[in-house]
Amino acid sequence: MKQLLICLLVILPSSLCAQLLDPITWTSDFTTEGETATLTLTAKIDDGWHLYATELPAELVDGPDPTSISFSYLKGLELLGELTPSEAPIKVFDSVYDSELMFWEHQITLTQQFTITDENYALAGTIDFMACNDQNCIPPSSFDFKYGDVEEEAAVMTASVGTFDPTSHQWWQPVINESEATDIESASLWSIFLWGFIGGLIALLTPCVWPMIPLTVSFFLKKNSSRAKSVREACIYGASIIVIYLLLGLVVTMIFGASKLNDLSTNAVFNLIFFALLVVFAVSFFGAFDIKLPSRWSNSIDSKAENATGLLSIFFMAFTLALVSFSCTGPIIGTLLVEAATMGNYIGPAVGMGAFALALAIPFALFAMFPSMLKEMPRSGGWLNSVKVILGFLELALSLKFLSVADLAYGWHILDREVFIALWVIIFALLGFYLLGKINFPHDTPSQSTGVGRFFMALISLSFSVYLLPGLWGAPLKAVSAFVPPLFTQDFNLYTQGEFRTFHDYDEGMRYAAENNMPVLMDFSGYGCVNCRKMEGAVFDTDEISALLGENFIVIELMVDDKQPLAVPFTVEENGKQVAITTVGEKWSFLQRYKFAANSQPYYMVLNNNGDALSGSYSYDEDIPKFKKFLTDALEAYQQ
């Protein structure tokens, strides 16, 4: 729904907080049949997440880790074939790595067969894996399995040397962060409610919905009810509108599934279809042709409303409104449902559609309750066609956002950042000229003068077009950074990246920051973290953020999937178990879990020179003003 309101230039921030994520659940089984044994490993993958396949392109450098299996102990068994998945992985081109990535979603079963050479067989091993969703990645993780009488000393894959006590290290103590956001879901629901309500108000002004107002008044005037009964029936009418749209949203969500709708929001094919759909609607709104549902549908429902009595007639009237208005409300509803489904459950779509229907129902209920209010309303005419054309321009601008998602997914590079911005400059400039009467479309009413309202709308549109122009040369355009493609797709960029001091060792960076009296920006990242690269390109590489970091912060960037072996491996106690830490990435991953109670990347937090938190955590969000506020608030806290 946010995209539909591009002209408002409002980006609603969402709260982010630390959490330990465990999106992959493994189970194992071991069976025998004759002289053959089979090890079965099944991964259940949380909705919205994906598990990388066992094979990734050879040319992929510093990318995500593939799923792999290793055996630390085999007795009486010989490997028979290779690890085999139950289904082929999904293949998606990733523009960040300029390569094709393969992964599984929902569930996958991997099998490994053995030839039994001794009836006293035993085995132990580990499956290593990595998973991501559209916002975060978890560091490389592992699942251990063991069957038979395994000698404990043989089951240890890597001998660890020494132990590590984080409590004895100066900057490793867990953070005490009172400013951390604690009610993410509530904030997200309010955001969805707000956009749904605004969408309903916009739908009210569409040429499909507005003419239904006099039809509604006429219907209720014919009933000749008493004042008390009229009020009651008007309330029932408004409630019927809410119920119909709410059921519509829930039915669509149940058919596709909340998680599937969430997946669709980033699915390249879906975005291409939605792009084409919005272009068709825009062309229709410009007057090339009309999109209408079969008239017999609305006529049939309308006749049922006329012939029915009591509550049933009111319900049919509400259903007529929903059916007749669908050609205008369809794009709004579809976008809203996909946006609301990002919560991964049915609550988001229900709240979004409820808010949409509420905004639509309140005016109709009032007109049904007080028919005399219709006299104060402007009649349908040329102004309504102008609203239709304005919506056409906005839908054309919105369609580019969906095309951009597909373009990034397939790596076509036909809609890089400067091309996208150039098209927006032209679209909003043409909208401004249309509002000034310099451009006319079919069905427009000729006008000799420009009204004050149209003049100010034209001023806003043309000003927005001029605001976009510096983006052609790499300006951050922070007001629309969430809509335009990321900066790394920009071919021509005069805004060069600033410099800031970065450390890749936690203790070394903290020591330097303390000696120089500067706060620290913790940056937990990963070579295989796609959104980490996006944050670097779209946020860190802007002059505004890089200058702020360079002048005021020490950045400690820690790669949790760094495979470089530690000079001295060690063990730590975690969740009652001894865990071997053998690589640099494992060390930084443990630091993130122990100190910040989080394990997803990207993950940012600002610390003082004692290792205490100065801010809440920040995750993947390319909203530059929001990230700047995250830094400046922490800087003010440090200076105080």
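The model is predicted, with local features needing pLDDT of at least 70 and side-chain atom pairs counting only at pLDDT 80 or more, while totals for chains, interfaces and linings use all residues. Residues are numbered from 1 along each chain as its sequence is written, and side-chain values use heavy atoms, leaving out hydrogens and water.

**Helix α14**

- Helix α14 spans residues 506-516; helices (H or I, at least four residues) and strands (E, at least two) are DSSP runs numbered from the N terminus.
- Tyr506, Asp507, Gly509, Met510 and Ala513 of α14 are buried, where buried means under 20% relative accessible area, exposed over 50% and partly exposed in between (1.4 Å probe, protein chains only).
- These residues lie on the same side of α14 because they cover an arc of only 160° around the axis, the arc being that of the directions from the helix axis to the C-beta atoms.
- An α-helix has 3.6 residues a turn, so residues three or four places apart point the same way.
- The buried residues of α14 pack against β12 (502-503), β13 (520-525), β14 (554-559), α17 (584-596) and β17 (603-607), with contact meaning heavy atoms within 4.5 Å.
- At the start of α14, the backbone nitrogen of Asp507 has a side-chain oxygen of Asp505 within 3.2 Å.

**Backbone features in loops**

- Asn517 follows α14 and is found in the loop between α14 and β13.
- Although Asn517 is not a glycine, its phi is positive, about 55°; Asn517 is exposed, with a relative accessible area of 55%.
- Ala597, in the loop between α17 and β17, has a positive phi near 50° and is partly exposed at 41% relative accessibility.
- Pro602 lies in the loop between α17 and β17, and the peptide bond from Gln601 to Pro602 is cis, with omega near 0°.

**Aromatic contacts**

- There are 34 aromatic pairs, counting rings of Phe, Tyr and Trp (its six-membered ring) with centres within 6.5 Å; planes under 30 degrees apart are stacked, over 60 edge-to-face and the rest tilted.
- Trp26 and Phe129 form a tilted pair, 5.6 Å centre to centre with 55° between the planes.
- Trp26 is in strand β1 (residues 24-33) and Phe129 in strand β9 (residues 122-129), so this pair ties together parts 103 residues apart in sequence.
- Trp26 is buried at 8% relative accessibility, and Phe129 is buried at 6%.
- Ring pairs link Phe30, Phe71, Phe114, Tyr121, Phe145 and Tyr147 into a cluster.

Terms used
A polar contact is a pair of N or O atoms within 3.5 Å; within protein, one must be able to donate a hydrogen and the other to accept it, and residues adjacent in sequence count only if both atoms are side-chain atoms.
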